[in-house]
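Here is a short briefing on a two-chain model. Look at the fold of each chain, then at one residue between them.

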Amino acid sequence: EAQVTQNPRYLITVTGKKLTVTCSQNMNHEYMSWYRQDPGLGLRQIYYSMNVEVTDKGDVPEGYKVSRKEKRNFPLILESPSPNQTSLYFCASSLRTGAANTGELFFGEGSRLTVL
Amino acid sequence: AQSVAQPEDQVNVAEGNPLTVKCTYSVSGNPYLFWYVQYPNRGLQFLLKYITGDNLVKGSYGFEAEFNKSQTSFHLKKPSALVSDSALYFCAVRDKYNNAGNMLTFGGGTRLMVKP
């Protein structure tokens with residue numbers, strides 16, 4: 001089954017304790033991206049990756065890191081989480097990048113993170 | 001720059017009645033437009049898209065949307081609402097010539113409540 005898998009789905013942590021949210025897709029997609037969803041703000045892009053070893057900042061990258069060592073995986077790293085990073089996070093992927101891509105994004109089920 | 005506005009936080013409709021969820025957009029070039037639906041505790045699911053051609057596009061679950069270039073709108077519609085349509089709906093836009101990050105800009109979301 002084609003899917004984007006995120007883990008963990010739910011996490012409560014404390015300020016400053018490093019954490020990683022994993023994301024894996026099995027569709028051989030070039031493009032992957034992380035979003036955060038906050039009430040009234042819709043989805044805002046954190047980081048994206050056009051292909052292996054190619055990553056770049058989205059709208060709200062502060063406090064986050066990513067890596068793309070393999071095509072299927074795109075982990076989101078919070079080196080020192082703070083309460084303002086409490087949010088619902090989504091990983092998404094798409095087959096192609098750039099002008100060739102008219103297709104839709106495929107989303108994971110979401111990871112709800114609470115930072116105390 | 002590209003942006004999306006969903007002017008209604010919530011839309012209430014009785015089952016069997018037609019529904020409309022509004023979306024207006026702003027892009028500097030030609031738009032690619034999308035609608036996504038989010039059910040509770042789930043990721044976003046693709047509903048439909050407008051790329052080019054016929055202004056009326058049909059998608060999943062009986063939904064359709066009409067692209068109106070002069071009004072820069074892409075409203076989501078369904079002739080007869082079901083209780084199971086109750087969910088959070090997101091409109092998204094991408095400038096056709098935006099090759100940077102394949103970025104979709106999402107609206108703030110509209111909660112659709114269909115009452116029996």
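This is a predicted model: local features need pLDDT of at least 70, side-chain atom pairs count only at pLDDT 80 or more; totals for chains, interfaces and linings use all residues.

From the N terminus on, chain B runs β-β-β-β-β-β-β-β-β-β-β-β.

Residues are numbered from 1 along each chain as its sequence is written, chains are lettered from A and ligands numbered from 1 in the order written, and side-chain values use heavy atoms, without hydrogens and water.

**Chain B**
- The C-alpha trace spans about 45 × 30 × 25 Å along its principal axes.
- Buried residues make up 48% of the 116 in chain B (buried is under 20% relative accessible area, exposed over 50%, partly exposed in between; 1.4 Å probe, protein chains only).
- Of the contacts with a separation of 6 or more, 58% join residues 24 or more positions apart (contact means heavy atoms within 4.5 Å).

**Chain A**
- Chain A has 11 strands and zero helices.
- Its radius of gyration is 13 Å, which agrees with the value near 13 Å for a compact globule of 116 residues.
- The C-alpha atoms of chain A fill a box of roughly 40 × 30 × 25 Å along the principal axes.
- In chain A, 50% of the 116 residues count as buried.
- Residues 24 or more positions apart account for 55% of the chain A contacts with a separation of 6 or more.

**Gln38(B)**
- Gln38(B) is found in strand E5 (residues 31-38) of chain B.
- It is buried, with a relative accessible area of 8%.
- Its side chain makes a polar contact of 2.9 Å with the side chain of Gln37(A) (a pair of N or O atoms within 3.5 Å; within protein, one must be able to donate a hydrogen and the other to accept it, and residues adjacent in sequence count only if both atoms are side-chain atoms).
- Leaving aside neighbours within four places in sequence, Gln38(B) is in contact with residues including Leu88(A), Phe90(A), Leu44(B) and Phe90(B).

Notes
Helices (H or I, at least four residues) and strands (E, at least two) are DSSP runs, numbered from the N terminus. The radius of gyration is taken over C-alpha atoms; the globule rule is 2.2 Å times the number of residues to the power 0.38.
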